[in-house]
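Biologist: Before we discuss this model, I would like each label to be set against its definition. Could we go through them one at a time?

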Amino acid sequence: PWIASFGRRVYRRELTAGGVAAHAPAFELGASLFGTTDPFRDGIRATVAAMLQSPYFLHRVEAAADPEGNELDGYSMASKLSFALWNSMPDEALLREAESAGAASELLVEVPRMLQDERARRAIVDLHRQLLHVDSYANIPREFVSYEEYDLTENAVMQAEVLTFVDIIVFGGGTLADLLTSRRTFVDAQIADVYGVTGVEGIGAGELVEVELDPAQRSGLLTMSGFLAYHASNTEENLITRGAFVHTALLCANLPPPPDSATALPPPAEGETLRERIDAHTSECGGGCHTAVLNPIGFAFGNYDEKGRYQIWEDAADPATDPPIDASGTYTFSSGAASFVGAPELSTLLSREKQVHRCYSSRLLSYLEGRSTTADDEARLDALATNSLGGAPILGLIEDIVGDPAFRAVPLAE
């Protein structure tokens, strides 16, 4: 009986009588393989070792309920749901549902329960952790000689801030637009200083409290300290990589490779602004990359220094005589050209662009399906993008993806 019960967990499906019998030889070999004074224990050890090397444990085998059909059987659907929503194996309740289900679609009644589980929170936050490169915040470099007030513990708080924000927005019924435009965030005293927020001086390092940020300066994920500090050098903000992130991660647009002659941004000349330096340095690339693609979006982030603090003038500027930072730009989205001034305006524009909602939907679908999107997904992505643009919550998009007949279809052989 233990082979049947343990095998059910290992293989994520009920073992047939033949399946149980197939493991008997491994059990019998245990005593000769390990030679202890306990042959029963040796048999268990050999059987477990065999199970954990089986391709049916190491891989998710997606089997059809009917050899002539293309819908997953109940156990395959249970595994696909659990790894999509939990990044883990099915629990006992889901396996029982799979055992009694007449069709894979019957398991969809489990989805609301699964989304309320802590494992779902970890999995969906994990998607955004990857999308936003949050792990890399731990390695944001700083030269302490030139930037001695920088505290390494701040890196961990930057990570915690964005992951807490995503968790609260998504599992609070929020939308993609909320991720891009919400003025709420979670800070300790260190990060509060970056935002110019007062009243949290007594909060300990790493202890986060919710605050509301200035809507003229902050708007969602793209104006958070970690994103801005990650896309910066030791002493200067990197507007090019900030723009490149938006272009690739949020617009799903391809960037041409840099020319062979590309070099690092040179140091500033006397009185030269960062925007002027970038324009002069990237002009040879032409309208195909920097001039019309990277630079306009990157310039929107000019009001944030290398640590993410808001600035009206650059460090070397004289407010009495020099103009403030020019954070204006015009970008051609799939819907047409649009102009903006600053990251909050850009974030609002992004939240209203179907191209962004389609890109985000493709990230969700790819993560939940466990594969890259293909041309066969175009209709699904268009429907998801339309719903997202119309205000569908992110959890609703997730339910749409796993509830689609395509999710429970047996994958075609390549």
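Modeller: Of the 414 residues of the protein chain, 45% count as buried, where buried means under 20% relative accessible area, exposed over 50%, and partly exposed in between, with a 1.4 Å probe and protein chains only. This is a predicted model, in which local features need pLDDT of at least 70 and side-chain atom pairs count only at pLDDT 80 or more, while totals for chains, interfaces and linings use all residues. Residues are numbered from 1 along each chain as its sequence is written, and side-chain values use heavy atoms, with hydrogens and water left out.

Biologist: What makes the pair Cys252 and Cys359 a disulfide?

Modeller: A disulfide is a pair of cysteine sulfur atoms within 2.5 Å, and the S to S distance from Cys252 to Cys359 is 2.0 Å, so the pair meets the definition. The structure holds one disulfide.

Biologist: Which parts of the chain does the pair link?

Modeller: Distant ones, 107 residues apart: Cys252 lies in the loop between α14 (239–250) and α15 (274–282), whereas Cys359 belongs to helix α18 (residues 354–369). Helices here are DSSP runs of H or I with at least four residues, numbered from the N terminus.

Biologist: Why is the disulfide of Cys252 and Cys359 called right-handed?

Modeller: Because the torsion about its S-S bond is about 75 degrees.

Biologist: How do you know whether Cys252 is buried or partly exposed, and whether Cys359 is buried or exposed?

Modeller: Cys252 has 34% relative accessibility and therefore counts as partly exposed, whereas Cys359, at 3%, counts as buried.

Technical notes: Helices (H or I, at least four residues) and strands (E, at least two) are DSSP runs, numbered from the N terminus.
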